[in-house]
Amino acid sequence: MPDPAGLFVLGMAYGLTVCSLSCLPYLAPYLMGTGTGFNAGIINSICFMSGKLFVYATLGGVAAFIGHSINFGQTSSTIMGLIIIGAGLSMPFVNRNRCQKKCPTKAKNVSMLALGIGSSLMPCPPLAAIFTLAAQRGSVTQGVLYGLVYGLGLILSPLIIAGGGVAFVSSAIRQKLGKQMKYIEGLAMLIMVSMGLTIIFA
């Protein structure tokens, strides 16, 4: 069995570098269009990372169970693109005035969790190697543990702070612009829909 500390450090190293850079484009438009403050952005980002952690642990166990690494191919791109498009299209509903206090928080957390899940369906190289290792071991428990330990290292990412920062900026702009904020929300929605379509049809 590989050293859990090694998997944790590997996840942390990837989370501090490549993962943060590759995931920020999914996170930033949504939080720019819906952000309501730093703390809320932190919670949203944690939901996003929790979605990734869930997928890593689940796919680690599945890889061990079926005995080979997992590659969804075009299917994962399609699912990921549809989730991003769905999150983008949900923005107007999340920002509705009559649902301003309770619904947005729950809806945003669910959207961020889904985005985290969707963005994890195309495993990065270290994760693909971990799934292959889990498949070779053949133990579902070990597979789940591999994915979980790697994911716990990965979620210690500056992405969480960055998400809080984007939501803080969005909140400040919202206070300054008032009703004009709808144009920024529209732009953010357009970016996410375009991103989703690009992932599907690329």
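Predicted model: local features only at pLDDT ≥ 70, side-chain atom pairs only at ≥ 80, totals over all residues.
Residues are numbered from 1 along each chain as its sequence is written, and side-chain values use heavy atoms, without hydrogens or water. Local features need pLDDT of at least 70 and side-chain atom pairs count only at pLDDT 80 or more, whereas totals for chains, interfaces and linings use all residues.

With a disulfide taken as a pair of cysteine sulfur atoms within 2.5 Å, the count is zero. The cysteine sulfur closest to that of Cys-23 belongs to Cys-19, at 3.7 Å, which is too far for a bond. For Cys-47 the closest cysteine sulfur is that of Cys-23, 15 Å away and likewise too far for a bond. Cys-23 is buried, at 3% relative accessible area (buried, under 20%; exposed, over 50%; partly exposed, in between; 1.4 Å probe, protein chains only). Cys-47 is also buried, at 17%.

One aromatic pair is present (ring centres of Phe, Tyr or Trp, the last by its six-membered ring, within 6.5 Å; planes under 30 degrees apart stacked, over 60 edge-to-face, the rest tilted). The ring centres of Tyr-56 and Tyr-150 lie 5.8 Å apart with planes at 55°, so the pair is tilted. Tyr-56 belongs to helix H3 (residues 38-66) and Tyr-150 to helix H7 (residues 140-154), so that distant parts of the chain, 94 residues apart, are linked (helices are DSSP runs of H or I, at least four residues, numbered from the N terminus). Both tyrosines are buried.

Val-62, Phe-65, Ile-66, Val-140, Val-144, Leu-148 and Leu-152 make a nonpolar surface patch of about 560 Å² (Shrake-Rupley areas, 1.4 Å probe; residues with over 30% relative accessible area and no salt bridge, nonpolar side chains joined within 5 Å and like charges within 9 Å; a salt bridge being a Lys or Arg side-chain nitrogen within 4 Å of an Asp or Glu carboxyl oxygen). H3 and H7 each give two or more residues to the patch, and H7 gives the most, with four. Ile-66, in helix H3, is partly exposed at 40% relative accessibility.
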